[in-house]
Amino acid sequence: MSDGNDGGSALGGDPPGDGAVVGSSDPAVDVGDAADEVTVLESGTELERTIGLRGGLAIGIGTMVGAGIFVFPGLAAGQAGPAATLSFGLGAVIALLVALPTSELATAMPKSGGAYYFISRGMGSAFGAVVGIGLWLGLVFASAFYLVGFAQYAIAVLAELGAASMVADLPLVAVLGVGFGLVLTALSMFGTENATKLQNGIVSLLLGILLVFLVYGSLDTLGLFGRQTVPEEFMPFGTLSIFTTAALVFTSYLGFAQVATVAGEITNPGRNLPLAMVGSVVVVGVLYVVTILVSTGAFGSARLASFGETAIVEVARSYLGFPGAVAILVAGLFATVSSANASILSSSRALYALSRDALVPTQLARINLRYGTPHVALALVGGPTVVLVAVGRTEVLAEVASFLHLVTYGLICVALIALRRSNPAWYDPSFRIPGYPVVPVLGALASFSLVAFMQPLSQAVGVVVALAALAWYFVYARDVRLKGVSSDA
């Protein structure tokens, strides 16, 4: 459970004094020893380690299985034709280039906060503040987007069943989105194990539905059921279209690092963290590639593109009729709920870690005595999320979340290189990436490069968020120093 303490420094809620050292770069000194089942502090325990390998995989897969299957097939096929399979494959390779460095850092520092924790220890508190605040807000934006998507899929299910007219007068997007946002936040407050069980169940059902659809569709595409696929050129729009489409669909892979954000609650972190992160990317990448092959085989790229964001529903209908369409709509419900659930959980841990280092008021790191969860941080995630859902217009916020994630991914790779070069005595990961330094260098370059392909408005808002976080650091926490971090000296 928990010691019921703030979990922060003794500085309280006031900005640190001149030159205050509130933490160490050594994770064992900073937040206690990381055992396989709990993180031990001098006064008791931090967050319980209740998330196993299955739970870690569920967080990674559940966050990523969403847009890549339920939104992008038609859009990607319209840009690259059947070669969109290569775009999704390329996205998976880039994700792995980041997942491997993240895995090494996570096994060296298996603490709550994920990317914030790694970057602050490798590059200093200023970088950490920008990344941590960006992760918190970015995941809030993403959570709101997922909840709006959940409500839209729920309405689509009602329409498919002919029941939409019964609730036509209700603002269902706001009601359903806000309602489920409150439910998911409450579940996380009442224990991480509750949120993990929900995640495991949802992802299991989601994968079950998708596997039935994809296996049947694959066999049909191969001609085993007598129907011929639509013949067309594999790369109708040229080689460049593969790369531009990869930039579009890479947002589908923004989720594996959420596993590292809850690293302080992962059991046997030296084994389970790398397996969960790398495994979730591999599983999701295979699902995406097969989905595009099945979808383009059913209709051809041009017709598939004409269906827009609901293309996958029409693909399922073509293979399995009305039951297939309903099943995919239900799977869309599961996907959006699992993504929102994982994002709310991860966002609160980023805020919790910021608070422990006094980069935001330390009261935000309070642990609930009964449930062992950071209830104040969760409230500061769930509250803004449901407000954004009620206000609407979350599409731009979702792209901003992608912008912030890509910048963070690039900095994770830079932080790994910085830690390898400085080689502090405490840095002893149980997993070391192969191919160093090529892998982190390529991961950083790929992440930063994809930012250039995003919409200008999303880039602008993302820059504003980053500058606002930096301004907060200089106004509130500029004197915070993480002991042992050279860039903070």
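Of the 489 residues in the protein chain, 55% are buried (under 20% relative accessible area, with exposed meaning over 50% and partly exposed in between; 1.4 Å probe, protein chains only). The model is a predicted one, with local features needing pLDDT of at least 70 and side-chain atom pairs counted only at pLDDT 80 or more, while totals for chains, interfaces and linings use all residues. Residues are numbered from 1 along each chain as its sequence is written, and side-chain values use heavy atoms, leaving out hydrogens and water.

The chain folds into 18 helices and five strands, taken as DSSP runs (helices H or I, at least four residues; strands E, at least two) numbered from the N terminus. Among contacts (heavy atoms within 4.5 Å) with a separation of 6 or more, 82% link residues 24 or more positions apart.

On the inside, the largest nonpolar core holds 137 residues; such a core is a set of buried Ala, Val, Leu, Ile, Met, Phe, Trp, Tyr and Cys residues joined through side-chain atoms within 4.5 Å. Val65, Phe70, Phe213, Tyr253, Phe256 and Val315 have the most contacts inside the core. Beyond its neighbours within four places in sequence, Tyr253 touches residues including Met64, Phe88, Val281, Tyr288 and Tyr409.

Leu222 sits in the loop between α9 (192-221) and α10 (240-249), and is exposed, at 66% relative accessible area.
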